[in-house]
Amino acid sequence: MALMIPPVKLKWLEHLNASWITDDSESISTREGVSVLYSKLLANKEVVLLPQQVLCLKGPQLPDFERESLSSDEQEHYLDALLSSQMALAKMVCSDSPFASALRKRLLVLQRIFFALSNKHHDKGKVKQQQHSPENSSGSSDLRSVGERPRSSTDALIEMGVRTGLSLLFALLRQSWMMPPPGPGGLNLCNDVIHTAMDVVSSLPPLSLANESKIPPMGLDCLTQVTTFLKGVTMPNSGADVLGRRLASELLLGLAAQRGSLRYLLEWVEMALVASAVVSTMEKEKMKVCPLNQEGLIGYDCFMNILMQMRRSLGSSADRSQWREPTRTSDGLCSLYEAALCLFEEVCRMASDYSRTCASPDSLQTGEAPVVSETCEVYVWGSNSSHQLVEGTQEKILQPKLAPSFADAQTVRDHRSPKIEAGQYCTFVISSDGSVRACGKGSYGRLGLGDSNNQSTLKKLTFEPHRAIKKVTSSKGSDGHTLAFTTEGEVFSWGDGDYGKLGHGNSSTQKYPKLIQGPLQGKVVVCVSAGYRHSAAVSEDGELNTWGEGDFGRLGHGDSNSRNIPTLVKDISNVGEVSCGSSHTIALSKDGRTVWSFGGGDNGKLGHGDTNRVYKPKVVEALQGMFIRKVCAGSQSSLALTSTGQVYAWGCGACLGCGSSEATALRPKLIEELTATRVVDLSIGDSHCLALSHDNEVYAWGNNSMGQCGQGNSTGPITKPKKVVGLDGVVIQQISAGTSHSLAWTALPRDRQVVAWHRPYCVDLEESTFSHLRSFLERYCDGINSEVPPLPFPSSREHHNFLKLCLRLLSNHLALALAGGVATSILGRQARPLRNLLFRLMDSSVPDEIQEAVIETLSVGATMLLPPLRERMELLHSLLPQGPDRWESLSKGQRMQLDIILTSLQDHTHVASLLGFSCPPEAPEALASSCGLDPSYGAPGTNPDTHLAEILMKTLLRNLGFYTDQAFGELEKNSDKLLQGTSSSDSSQPAHLHELLCSLQKQLLAYCHINCVTEDSSSVALLHKHLQLLLPHATDIFSRSATLLQESSWNGSIREKLRDVIYVSAAGSMLCQIVNSLLLLPVSVARPLLSYLLDLLPPLDCLNRLLPAATPLEDQELQWPLHGAPDFVDPAGQPLSQPAQSWVWLVDLERTAALLVGRCLGGMLQGAPPSLEEQDTGYWLKTPLFSNGLEMDVPQLGMKHGISINQSIKFMVCDRHS
């Protein structure tokens, strides 16, 4: 008896896909590397070893042929039994060898990696739900215009009158300037008008004109006409006098500050610099129309008042001594140029402060100047039946009401203000010092105050041992329980203990917060959720624990059993967030790419397309390919928020937001009503929902029986998201929905990054900002190395400082756009010119400080500045050298551009898009056309366009060949020397060149393997074209290596160096992965490569014979199994001594290639079943020519019928089996 190699059971876990994609698949080339990856499969139980089968080696029991007479059928039976026994024995012996063991591991690991790639990055014809975003939605403007009131004839007449009046006023003002004042010292009419306007603007409260949505269109049009007129007046050749020009500059600045937009401040800076340059030119040319000492000036007090108003509005982190101020003249004036630089510097400082705050809100220490208003305003609405809103005896509040009680509960008033949680008829407030206060319904001890009484005012909880609480979550239904986790990651629970949902090992009610021990002890918890009858917690290491009632499978343990202590959900890992509903649970992965749901599936609230119960976590397929930021589980519905700010809903009822309270969605469905805005946060109660938009507006929909949707009434459900009334002008930053009440407040959150698209004076995430900055850079970068700086800059230092400020402001806006999840289309038409400008600066001999600023800007905004995928590929193809001498000719800017593009393409989503296997979520329609992805992609008979990928792969392979040739040249040139280190030319190779080609190959092979492609597929054609270049290149490398070793066999250092050269070349680990992968594909895919594989084997075999690993490996194969070795010894884990061990991978490559050749030949020998024509010509098989095999070459026989050798072999095989 002997033991066969144990069979295995494969069970790929989808939540581990991300980790397999990032693993180095090329490490399978070495036995050590593949053992590590195979051990990972065993550890995760994705490969399960089945019981070993016992093989009987005795063979069949044969009769006594001397005494028994057997029929021909019986003889045939015994012969077949003997052959089968010997075949099984041979299979056992061959499959138990060290090479076979390593090969089996390689194939299993490759299958796992291919599944991960295909599952996460290949669409495979799945229904792809497009994520709309306001910046790339062509219909957004139409949606906004729908609500606008059509203009009446009265409006048109009023507008005509205003326009005519303004034109007349401007004409009179210009005429007044042309006429001298009526008397000595008299005031010019137009100056008087501008001065009066300036007084009015100065008397307004700060930012009075900032909210343009509240200004009628006619008012905005008037502002535009006024600013256009004033800009023209500020120029020295405008015809206005000196005072008029100065007053116009001051009024322009006042209007820009009141409007509060960065766009208008940049326009003023541009105007001031241009006017100052004109004045400087006039001074040089001595064109003194009037005393030039009064030209190019602005009132000092006026400017400083505006500047101080800006600083007071936002605060500044800079010390006052660091503030730049213009020089004041004896007349109380200052230079327009100095004022422009001072303003620009202040704007850049404000933007930097805000950018830093967004990057790390908790990094600012208490006591620093606040970045938002010091007071936190809390607004409440909905049910107050149990005093959960602390609004006296009022049963319900129909629209948002400012609640001073909640504001008074805040012990520390800074930007790290409280977190509020609305539960089931109760409310909790976490202050900045980590203390917790509660109010509302107290039954079952849900408030944690030691009793079951209702609490009409906020009262502080006591935690033993004392801890600072980070977040609280309270159930929205059932009998009420609450969870909280501390800043150290510990979890407390209190309230109703039925079903063990408090996690203390029993079902007792807990009226004070109690620390959960057991499995969570020692874990750092980062997320908790209290469902109706169950609870969940996510730890820092991505583990999900659930406990409470197990009915419907809501705990995810594969059964309906309840648990009274936290229990690990074993089927998923890398979890980042969890949300518990009435009878179901939703979990979100850390990377936001995977959403799981499990539990009761009634009404489709699990999102799997049915109403079945799910007892273990199951991926919500409809959300695959999206980046999800938050998930919410309600009573009978679920929500998901995407990275682009779109909301998907599934389940039933008004919470779907589709316009009907009876609707049901079995799969996630986009809420169309919210597509015109970008949502940054969601909250769901029992049966109503809240959404917070990027511009701080709150939307509500769902059950409104207690006014919880904030519409000013309590009539009927709100079936589509509607803006909550009464919050206009309030900058809401956070929201929370309870069972039937809602809260919204203005403090910045600590658990969610908030990036405002528009921040007064310093941030405008729109195309105009980038346009102005590009204009500044293009205008003032000319002559950057000239000894005389461009006007109006008096010195090179001032000039360079201005350029650095431009680059810093640009870098800040790029960083904020990325942090806020804004689509790259926000750059609009500025992406290409900005990219070209920055790389042109890299190639220019600019000062080091400027170049450092350019590099920083490029590193921050590389992903936004990159062109679309197709254009990127064309740019990459043009930049990659076409010959071995081209690398040195690349400029510094070209090298950096090349490196950035190669780095960006390491994203597997981009690689899959390039190959036509998927379409990225960022811009599906645009990229689909750019990648050649047909709308019917995934349907039978459709193939992606691979022309661009073919060109890129060819170019990458050629470039790798250049480096391999250089390395061989170094070895051949110095074969008589001791080689150490690498050649100097290695340092010029762009990063990720090898990785990009490997990624393209890996995705191509994964697609071919998973989709069982046929030989007529365009993907197979691309694979063939690529390998028809790569295999001859590898053959040449092996031949060249063998020759080098033969000529320098005495030099041991050559062999060591050669190993490194081959391994990183196209004939090394890359080829190992390809050859092993071909074994996973149908024989028909590999057979066209047979001639190339046959050419590869002789030089590879010759090379291995010159290396020290071939002979000991052959001995090891023949001697296996080792006598006296334990049964559990891994055949592939038996190392050889050095230097033979370092060459084992190359011998394995030769054996795998030979096996692949044998597989192709085997398929050719077996052939297909004989056709009718072959059966009709069966008489050929009875001739002497074919009865005992071929006796001579076919061409020598002179046969007229021209039967090929292959056909003859097929006839012979068929005859033997007939």
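A residue counts as buried under 20% relative accessible area, as exposed over 50%, and as partly exposed in between. The model described here is predicted. In it, L207 has a relative accessibility of 25%, so L207 counts as partly exposed. This leucine lies in the loop between α7 (189–203) and α8 (217–234).

Now take Y499. Its phi is positive too, at about 65°, although Y499 is not a glycine. Look for Y499 in the loop between β15 (491–495) and β16 (510–515). Its relative accessibility is 30%, so Y499 counts as partly exposed.

## Two cis peptide bonds

Which residues does a cis peptide bond with omega of about -5° join? They are E464 and P465. P465 sits in the loop between β12 (455–460) and β13 (469–474).

Another cis bond runs from L791 to P792. Here omega is near 10°. P792 belongs to the loop between α14 (767–781) and α15 (796–819).

## Helices α2 and α4

Two packed helices are described by the angle between their axes and the distance between the axes. Helix α2 covers residues 31–43, and helix α4 covers residues 98–121. Their axes come within 9 Å and cross at roughly 55°. The two helices are therefore oblique to each other. Their crossing is left-handed.

Which residues of α2 meet α4? They are R31, V34, S35, L37, Y38 and L41. On the α4 side, the partners are P98, F99, A102, K105, R106, L108, V109 and R112. The residues of this contact divide into 9 nonpolar, 1 polar and 4 charged.

## The nonpolar cores

In soluble globular proteins, nonpolar side chains tend to be buried together. The largest nonpolar core in this model has 203 residues. Within this core, W268, L343, F344 and F1038 touch the most other members. Helix α12 (residues 336–359) gives the most to the core, with 13 residues.

What does F344 touch, not counting residues up to four places away in sequence? The list is L266, V269, L773, F776, F802, L805, C806 and L809. A second, separate core has 63 residues. Among them are V390, L682, A700 and I732.

Methods
Residues are numbered from 1 along each chain as its sequence is written. This is a predicted model: local features need pLDDT of at least 70, side-chain atom pairs count only at pLDDT 80 or more; totals for chains, interfaces and linings use all residues. Side-chain values use heavy atoms; hydrogens and water are left out. Axes are lines fitted to C-alpha atoms, for helices over the stretch in contact, and angles run from 0 to 180 degrees between N-to-C directions. Helices (H or I, at least four residues) and strands (E, at least two) are DSSP runs, numbered from the N terminus. Angles under 35 degrees count as roughly parallel, over 145 as roughly antiparallel, 65 to 115 as roughly perpendicular and the rest as oblique. A crossing is left-handed if the near helix is turned anticlockwise from the far one by less than a right angle, and right-handed if clockwise. Contact means heavy atoms within 4.5 Å. Ala, Val, Leu, Ile, Met, Phe, Trp, Tyr, Cys and Pro count as nonpolar, Asp, Glu, Lys and Arg as charged, and the others, Gly among them, as polar. A nonpolar core is a set of buried Ala, Val, Leu, Ile, Met, Phe, Trp, Tyr and Cys residues joined through side-chain atoms within 4.5 Å. Buried means under 20% relative accessible area, exposed over 50%, partly exposed in between (1.4 Å probe, protein chains only).
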